[in-house]
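Look over the sequence and the structure first.

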Amino acid sequence: MAIVNSIWKLKCTAKNYDWGKIGSNAEVFRLFKANSGENCELIELNNKPYAELWMGTHVSGSSYVVQNQSDLLNDDINHDYGVNYEGFNGVNLKNWINDHPFVLGEKVLEKWGCDLPFLFKVLSVAKPLSIQAHPSKDLAKKLHLKFPKVYKDENHKPEMALAITKFEILCGFVAIEDLRKTLDSVPEISQLVGSAVVDRVANVTPEDGEEAIKAAFKQLFTQMMSASNNVVAKVLSQLISRLRAKDDLTSEEKLVLRLEQQYPGDVGVLAAFLMNFMTLNPGEAVCVGANELHAYISGDCIECMATSDNVVRAGLTSKPRDVTTLCEMLTYRQGRPEVLRGFNVEGTNGYTKRFRPPFEEFEVDHCDLPDRKTIDFPSVDGPSLFLVTQGTGTIRAGFSVEKITVGDVLFAPANAKLTVSSETRLQIYRAGVNTKFL
């Protein structure tokens with residue numbers, strides 16, 4: 001089984017959503033162009049938005065295993081599920097795994113079946129994705145059954161965003177004390193939802209219990225997001241006029257002015273006041289669980305998640321919204337999420353940090369290897385995807401050696417013993433199953 005002791009280069013898919021960065025301004029464009037090759041027909045004109053680079057097996061953007069013609073002819077299992085672009089022959093990664101299930105390792109195969117349980121991405125965000133949440137497994141199954149064209153799979157989608165550049169995000173609801181201050185300083189919210197709703201939030205106390213506080217949050221948020229477009233537009237007009245006349249704006253007020261320029265008349269502009277506004281520095285990460293409200297605002301990041309593309313939206317978007325479902329599904333948990341800064345991976349001489357979320361499907365390693373250094377990546381009981389974002393070098397697994405450079409994406413089977421050597425400074429990200437659960 002030479003495949004177990006080999007590493008496999010992949011060709012990957014880019015998404016051109018309108019919130020992405022334009023052409024060469026996008027980390028996604030830079031990496032996708034390098035991954036595809038200069039002459040590959042996949043590359044579009046440089047004036048398109050490049051939002052996401054997908055690495056994995058999801059049906060909406062599967063990767064392909066690169067094989068030369070002799071590999072295709074000699075493979076012990078060879079089906080008509082490949083593609084042939086200028087410069088490479090490729091075999092759908094999901095189908096390839098299905099024909100070689102042992103590459104996943106026994107534990108992953110037993111728990112998740114013949115598929116990668118995680119989806120690996122790079123995001124380049126020029127304007128907010130949307131105010132959204134991802135459903136739990138139970139809700140995902142119901143939504144997929146009812147609206148299969150909108151919710152395309154039955155899986156949940158917990159995720160983690162790891163900043164490559166400064167990365168702005170709205171994540172979760174503010175603490176109740178901060179919400180009260182906001183309601184005092186932003187009277188337009190009371191105009192929109194009514195004084196009775198605001199009074200309920202103002203009067204609820206910790207002694208009333210966590211569920212009472214969440215219920216007050218839910219009523220406020222639902223009332224806000226359900227308001228008519230005409231009323232929202234009128235209230236926003238008053239708010240924006242007032243803020244533009246202020247001399248000293250808070251960071252949240254400055255954000256609201258930016259959001260209103262990008263999404264004029266959108267209720268999501270007001271909803272931003274209810275959420276935690278955070279800026280991640282490169283090398284910092286946050287986790288977003290099922291049914292948690294969030295919106296990515298700007299910047300470039302590495303993202304990893306359970307294999308799903310289910311999104312429930314309600315603001316800051318031109319895409320279809322499902323306000324009722326979103327307002328019902330949210331946890332209404334309050335407070336700023338924890339910022340992860342990673343921990344050193346044993347045996348990598350301090351050159352590799354691991355970002356481990358509380359989700360069993362995935363974790364992410366970041367290797368920053370100086371010129372002419374060599375390290376061993378510890379073998380793990382599950383499969384891994386590697387992305388090279390900077391530098392040149394080699395990666396070895398058994399007798400298999402691959403030269404690597406910017407844009408390369410590689411698949412490593414379970415239990416592969418990998419050695420990475422740099423010619424110039426190498427930056428590599430690895431996505432794999434959370435080793436805490438293996």
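Which strands each supply at least two residues of the lining of the largest pocket? They are strand 15 (294–306) and strand 16 (312–315). Strands here are DSSP runs of E with at least two residues, helices are runs of H or I with at least four residues, and both are numbered from the N terminus.

This is a predicted model, in which local features need pLDDT of at least 70, side-chain atom pairs count only at pLDDT 80 or more, and totals for chains, interfaces and linings use all residues. Residues are numbered from 1 along each chain as its sequence is written, and side-chain values use heavy atoms, with hydrogens and water left out.

**Pockets and cavity**

The spaces were found on a 1 Å grid over the protein atoms alone. A pocket is an open set of points with protein on both sides within 12 Å along at least five of seven lines. A cavity is a set of points where a 1.4 Å probe fits but cannot get out. Lining residues have an atom within 4 Å of a point. Grid points are joined across faces, edges and corners, and a volume is the space filled by probe spheres set on the points.

The largest pocket holds about 590 Å³ of space. Its lining has 29 residues. Nearest its centre lie Val150, Asp309, Val311, Arg313 and Lys319. Strand 15 gives the largest share of this lining, 3 residues.

The second largest pocket holds about 350 Å³. Its lining has 17 residues, and Cys287, Gly289, Arg333, Pro337 and Glu338 lie nearest its centre. Strand 12 (167–173) and strand 14 (285–288) are the elements that give two or more residues to this lining.

How many cavities of 30 Å³ or more are counted? The count comes to 1. The largest cavity has a volume of about 90 Å³. It is lined by 15 residues, and the closest to its centre are Pro378, Val380, Ser384, Ala416 and Leu418.

The table sorts the linings by class. Ala, Val, Leu, Ile, Met, Phe, Trp, Tyr, Cys and Pro count as nonpolar, Asp, Glu, Lys and Arg as charged, and the others, Gly among them, as polar.

| Space | Volume | Lining by class |
|---|---|---|
| Largest pocket | about 590 Å³ | 10 nonpolar, 6 polar, 13 charged residues |
| Second largest pocket | about 350 Å³ | 8 nonpolar, 4 polar, 5 charged residues |
| Largest cavity | about 90 Å³ | 8 nonpolar, 4 polar, 3 charged residues |

**Packed helices**

Two packed helices are described by the angle between their axes and the distance between the axes. Axes are lines fitted to C-alpha atoms, for helices over the stretch in contact, and angles run from 0 to 180 degrees between N-to-C directions. Contact means heavy atoms within 4.5 Å.

Take helix 6 (residues 176–185) and helix 8 (residues 195–203). They pack at about 140°, with axes 9 Å apart. Helix 6 and helix 8 are therefore oblique to each other. Ile176, Leu179, Arg180 and Leu183 of helix 6 touch Val198, Val201 and Ala202 of helix 8. This contact has 6 nonpolar, no polar and 1 charged residues.

Helix 6 also packs with helix 9 (residues 210–225), at an angle of about 35° and with axes 12 Å apart. Here Ile176, Leu179 and Leu183 in helix 6 meet Ile213, Phe217 and Leu220 in helix 9. By class, that makes 6 nonpolar, no polar and no charged residues.

Helix 8 and helix 9 cross at roughly 155°, and their axes come within 9 Å. That makes helix 8 roughly antiparallel to helix 9. Angles under 35 degrees count as roughly parallel, over 145 as roughly antiparallel, 65 to 115 as roughly perpendicular and the rest as oblique. Val197, Arg200 and Val201 in helix 8 meet Ala215, Ala216, Gln219, Leu220 and Gln223 in helix 9.
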